[in-house]
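Subject: Structure for you to look at

Hello,

Here is the structure I said I would pass on. My notes on it follow below.

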Amino acid sequence: KKANMISTGRILTALLAASSVSAFQPPQPFGTRRQQTRLAASSDDLQVMVNGMPGPMATAIAESCLRRGLTLCPTAITGPDIPAQTLEIIDSDTGKSAKVDLIPSSATEDISAMVSNTSLENLVAIDFTHPSAVNSNGDFYAKNGIPFVMGTTGG
């Protein structure tokens with residue numbers, strides 16, 4: 001549990017830093033203009049999309065977000081073999097909770113629909129999905145201008 005607390009603290013620090021500086025932008029071909037993505041929100045206005053639940057690390061991050069007063073995005077991406085489901089995330093320290101609909105990373109049409117129904121302006125993502133989903137998720141974040149922290153390991 002202590003190791004998770006240290007890791008979640010470091011990840012949330014990186015997340016909040018990303019909210020105050022320009023976000024990651026993929027390399028651009030020489031001669032093209034790089035667009036800067038900035039969040040127009042304070043940490044009170046951020047929505048955090050924690051991808052990779054119901055895995056233990058992603059769930060711990062989601063609980064930590066609630067504990068720190070951040071709002072969870074009501075939809076998130078999960079691994080390609082995890083069925084679509086709704087989770088209730090509860091922080092046992094504060095009692096705060098949020099329901100999150102999980103969409104498998106293989107359900108690209110559902111993910112596209114999620115983007116069209118979500119305000120991306122103040123959205124950041126923390127990704128702990130399965131290693132097989134890392135590349136497509138990174139492409140998704142870059143294509144939609146979503147700042148993200150990639151924490152997936154293994155594979």
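**What was found**

Of the 155 residues of the protein chain, 44% count as buried. Please keep in mind that this is a predicted model.

The protein chain has four helices and seven strands. Read from the N terminus, the elements come in the order α-β-α-β-β-β-β-α-β-α-β. Taking the contacts between residues at least 6 apart in sequence, 64% join residues at least 24 apart.

**Helix H4**

H4 covers residues 134-144, and its buried residues are Asn137, Gly138, Phe140 and Tyr141. These residues are on the same side of H4 because they cover an arc of only 155 degrees around the axis. The other side of H4 has the exposed residues Asn135, Asp139 and Lys143. As a reminder, an α-helix has 3.6 residues a turn, so residues three or four places apart point the same way.

**Helix H3**

Ile111, Met114 and Val115 are the buried residues in H3. They fall within an arc of 100 degrees when seen down the axis, so they line one face of H3. Glu109 and Ser116 are exposed, on the face of H3 turned away from the buried side. The buried residues of H3 pack against H4 and against strands S1, S3 and S5.

The largest pocket has a volume of about 220 Å³. H3 and H4 are the elements that give two or more residues to its lining. Which of the elements gives the largest share of that lining? It is H4, with five residues. The residues that line the largest pocket are Ile77, Ser105, Thr108, Ile111, Ser112, Val115, Ser136, Asn137, Phe140, Lys143 and Asn144. By class, four of these lining residues are nonpolar, six are polar and one is charged.

Some of the lining residues have already come up above. Asn137 and Phe140 are buried in H4 and also line the largest pocket. Lys143, exposed on the other side of H4, is in the lining as well. From H3, Ile111 and Val115 are buried and are again among the residues lining this pocket.

The second largest pocket holds about 180 Å³ of space. Its lining consists of Gly52, Gly55, Pro56, Met57, Ala58, Phe128, Thr129, Pro131, Gly151, Thr152 and Thr153. Five of these are nonpolar and six are polar, and there are no charged residues.

**Single residues**

Ser105 is one of the residues lining the largest pocket, and its place is in the loop between strand S5 (97-104) and H3. Is Ser105 buried or exposed? Ser105 counts as buried because its relative accessibility is 11%, and the cut-off for buried is under 20%. Leaving aside residues up to four places away in sequence, Ser105 touches Ile77, Thr78, Gly79, Pro80, Ile111, Ala133 and Asn137. Of these contacts, Ile77, Ile111 and Asn137 also line the largest pocket.

Ile61 lies in helix H2, residues 56-67. With a relative accessible area of 0%, Ile61 is buried. The C-alpha atoms of Ile61 and Asp127 are separated by 9.8 Å, and the two residues are 66 residues apart along the chain.

Met53 and Pro54 are joined by a cis peptide bond, with omega about 15 degrees. Pro54 is in the loop between S1 and H2.

**Cysteines**

How many disulfides does the structure hold? There are zero disulfides. Cys65 counts as buried because its relative accessibility is 0%. Cys73 also counts as buried, at 2% relative accessibility.

Regards

Conventions. Residues are numbered from 1 along each chain as its sequence is written. This is a predicted model: local features need pLDDT of at least 70, side-chain atom pairs count only at pLDDT 80 or more; totals for chains, interfaces and linings use all residues. Side-chain values use heavy atoms; hydrogens and water are left out. Buried means under 20% relative accessible area, exposed over 50%, partly exposed in between (1.4 Å probe, protein chains only). The arc is that of the directions from the helix axis to the C-beta atoms. A disulfide is a pair of cysteine sulfur atoms within 2.5 Å. On a 1 Å grid over the protein atoms alone, a cavity is a set of points where a 1.4 Å probe fits but cannot get out, and a pocket is an open set with protein on both sides within 12 Å along at least five of seven lines; lining residues have an atom within 4 Å of a point. Grid points are joined across faces, edges and corners, and a volume is the space filled by probe spheres set on the points. Ala, Val, Leu, Ile, Met, Phe, Trp, Tyr, Cys and Pro count as nonpolar, Asp, Glu, Lys and Arg as charged, and the others, Gly among them, as polar. Contact means heavy atoms within 4.5 Å.
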